[in-house]
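Colleague: I would like to learn how to read a few features of this structure. Please give the general idea each time, then the case at hand.

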Amino acid sequence: MVRWGMVIDLDKCVACQACTIACKSENNQPFSAKSDPESRRFAWTDVISMIEGRYPNVRVTMIPRPCMHCENPPCVKVCPVGATYMNEEGIVMQDYDRCIGCRYCMVACPYAARYFNWEEPKWPEPMTQYLNPDKASLRPPGRQGPEVRPVGVVEKCTFCIHRIEKLTAIAKEQNRLLKDEEVKFLTACNEACPSRARFFGDLDNPNSTVSKLASSPRAFRLKEDLGTRPKVIYLAQG
Amino acid sequence: MAKTCTLKNATTMFWVWVSSLLIIVAMGGYAWTVQFTRGLAVTGMGNTVIWALYIANYTFFIGLGGAGILISSAIYIFDVKRFEPLAKIALLVSMICTLLAATSILPDLGRPDRIAHVFLYGMLQSPFIWDLTTILSYLIVCTVYLWFSTIRPSHKAVKVIAPIAVVLSVADQSVAGWIFGLVKSRPFWHSPLVAPIFASLALTSGLSLLILVSVLSSRFLRANIDQQIVSDVAKIVAIVIPIDLFLLFNEFLTAAYANVPERVSAWSFVTTGSYGPLFWGTIVCGSLIPFFVLASPRTRVTTVGLTIASFLVVVGAFARRFLMIVPGLLNELPYLDERYIGAYSPTWVELTIVAGFLALAALLYTAGVKILRIFQWERT
C-alpha cells in the first residue's frame, strides 16, 4: 500500500511563498482582498516564521507548512459527522458536503492547517474563468479536493489528491506501479518550488526519495511530542 | 382559597415585561437571518479565534441547566423535605436552560441546515456526539420529571426519575468539559480539571440562578417562597465557590510551578494580558464578593444581598466560560508567528443572538410558570 508523505528541506527553502500561491490557484482557494481580516485568509500551505530568542540574539526560521497528514490525526478523531477522514493512502481528506461547520477540527489541529469558509468564496471577476475544473473522486458523491467550497465548511490541504488519482489511473492503464520520479514533484507546491526544497512520494517504499531523505539525521517533524506522527518531514537547517 | 397567578389577573407590568422580551428575541432572530445569509463572516471570529461568544453561551446554558435538578432530586433521594417549595422552579429552570443549551449550539455552526448529519453520520469517538447524546437524554429526562411533578403529579414516577436525572446532570457537565479538556493542541484547555471546574461552575451558577429566580418570582410573580429556604440554597453556593476557586488555583499552580512553557504563557496571557482586567474582575466580583455576601448569616437572609450576590455569580460564570474559550484560542500556538495572533471582539450579530437566547430563557420561564401553575401554594 502507498503511504504518501512529503519532505521539506529547510536548507534549500528560500521562503519565496511560491508554494502558497501555486497551491491557492491549483486548489481554488478563495481570494482575500486587502480589507479582509488576516485571520480569515486561505493558505493551505502557508509559510510561517518561527522566532527563537529575543532581539538582538534572535533567529527566524521560515517554515512552509502544509497539512501534516498525521498518522494519528486529532482532527479526524473529533469530527462529529465523519466529514474529515483518512483515506487508504494516508491522506486526511475533507468532505465539503458532509461538514456541518462546527470547527472542532480546527480547534483540535495543532498546526492551524485548517481553514473555514467564513463567507461565500469569492474571486475578482477575471479569475472566476480560470478556476481549476479538476475533481477528486475518492469517496463519491461528496464534494472534496479542489472543487469550489460552499460557505460554512472547513477545508484543508489534500496533497493534491486529484493529481495523484489522475496519475494512478494512467499507471493502472499501463499495468504498472507509479514511479518515484513521476511523483517526486507531483503536488502543485512541489512543482512550483524554485529551489527544489520539497519532495513528495511513498513513505512505505524504502527506495523512494522521501523515504531516503526521511532517514537523514537532519529529519524532524513539527510538534513531535504531541504524538500526531506527521507525514510531512522537515530537514533542519544545517 | 389560594389565589393562582393566571393570565387574567396579569398586570400591565407583566405585559411590558413579556413584550420587551419578545422584542429582544425577535431582534436575535433577525440577527440570525443576517448571519445565515451572509455566513459567519458577520461575527468577530476568524481562523485563530475559532470559537467565541456562541460557545461561551452554549457552555453557560449547559452549566445553568445542571444544578437545579440536584435540588429537586435531593428531596426524593436524601429526603430533604425543606426544599420542596423550590422543586418545581428548579426543574423548570433546569429544563429551560438545557433546552436552550441544546439550541444555542446552532448559531455557531457554519451549516446549521445540515444538523441532521449529526444523527445520520454521528461518529462515536467525537466528544461532540457524547455531548449531544447526554444533553438530549438529560433534556428528555428533565421534561418527563417536570411532567410528573406538575401536570400529572406522581410521587412514584418521580422517585424513579430523580436518580437518573442526577446521573445525567453530572454526565452532561463532565462531557461539556471534555469537549475542551481532551483537546491536546490547546495547552490552556488540556487539563483533567476542566470537567470538575465545569461541574463546580454549574453548581455555583445554576444554584445562583435558582436563588435569583426565586427571589424575583416572589417579588414580581407573587410566588410565596420562604426566604429561609432560599438562604439555605445560598449556603450551598457559599460552600461551592471556594471549591471552584480551589480547582482554578490548582490549574494555575500546576502550570506555573512546573513551568510548562505553553501553559505558563497561556496563564500569563489570561492573568496579565489584555484579558487580565476581565479575569481579575471576574474573580473578585463573580466569586469573592458573592462568597462573602452569601457566607455571612446577616446578608444571606436579605433580599438585596441574595439578589446582588446571585446575579454576580451568574454573570461571573458567563465571563469564566468566555475567559476559558477565547484566551485559550488566542494564546499563540508556540511555533506560529504573530500575524496569527489576532484579537477578538464580538460583533453586533453575536451580541444580539446571545441576548436573544437570554431573553428567550426569561420568556420561557415566565410562560412556564403560568402554564404549569408552578406557584399554586400562593398567598391568599
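Modeller: Start with a strand that is covered on both faces: in β1(A), A:Trp4, A:Met6 and A:Ile8 on one side and A:Gly5, A:Val7 and A:Asp9 on the other are all buried. Buried means under 20% relative accessible area, exposed over 50%, and partly exposed in between (1.4 Å probe, protein chains only). Helices (H or I, at least four residues) and strands (E, at least two) are DSSP runs, numbered from the N terminus. This is a predicted model, in which local features need pLDDT of at least 70 and side-chain atom pairs count only at pLDDT 80 or more, while totals for chains, interfaces and linings use all residues. Residues are numbered from 1 along each chain as its sequence is written, chains are lettered from A and ligands numbered from 1 in the order in which they are written, and side-chain values use heavy atoms, with hydrogens and water left out.

Colleague: Why is strand β1 of chain A largely enclosed by the rest of the structure?

Modeller: In a regular strand the side chains alternate between the two faces of the sheet. Here 6 of the 6 residues of β1 (residues 4-9) of chain A are buried, so the strand is largely enclosed.

Colleague: Which strands pair with β1(A)?

Modeller: Two strands pair if DSSP finds at least two bridges between them. β1(A) runs antiparallel to β8 (residues 198-202) of chain A, with 5 bridges; A:Trp4 has A:Asp202 as its bridge partner there. With β10 (residues 232-235) of chain A the pairing is parallel, over 4 bridges, and A:Asp9 is partnered by A:Leu235.

Colleague: How many residues of chain A are in contact with chain B?

Modeller: Contact means heavy atoms within 4.5 Å. By that rule, 45 residues of chain A touch 43 residues of chain B.

Colleague: What area is buried between chain A and chain B?

Modeller: The size of an interface is often given as the accessible area lost when the parts come together. Buried area is the accessible area (1.4 Å probe) that two parts lose on being put together, summed over both. For chains A and B the value is about 3,700 Å², and carbon and sulfur atoms give 56% of it. A:Tyr104, A:Val107 and A:Trp118 supply 19% of the area that chain A buries against chain B, more than any other three residues.

Colleague: How many salt bridges does the rule find across this interface?

Modeller: A salt bridge is a side-chain nitrogen of Lys or Arg within 4 Å of a carboxyl oxygen of Asp or Glu. The rule finds 2 across the interface of chain A and chain B. A salt bridge joins the side chains of A:Asp97 and B:Arg114, at 3.8 Å from N to O.

Colleague: Which residues other than glycine have a positive phi?

Modeller: Among them are A:Asn28, with phi of about 50°, and A:Arg103, with phi near 70°. A:Asn28 sits in the loop between α1 (18-26) and β2 (46-54) of chain A, and A:Arg103 in the loop between β5 (92-94) and α3 (104-108) of that chain. A:Asn28 is buried because its relative accessible area is 3%; for A:Arg103, also buried, the value is 0%.

Colleague: Is A:Thr158 buried or exposed?

Modeller: A:Thr158 counts as buried because its relative accessibility is 3%. A:Thr158 belongs to the loop between β7 (154-156) and α4 (161-173) of chain A. Beyond its neighbours within four places in sequence, its contacts include A:Trp44, A:His69 and A:Met93.
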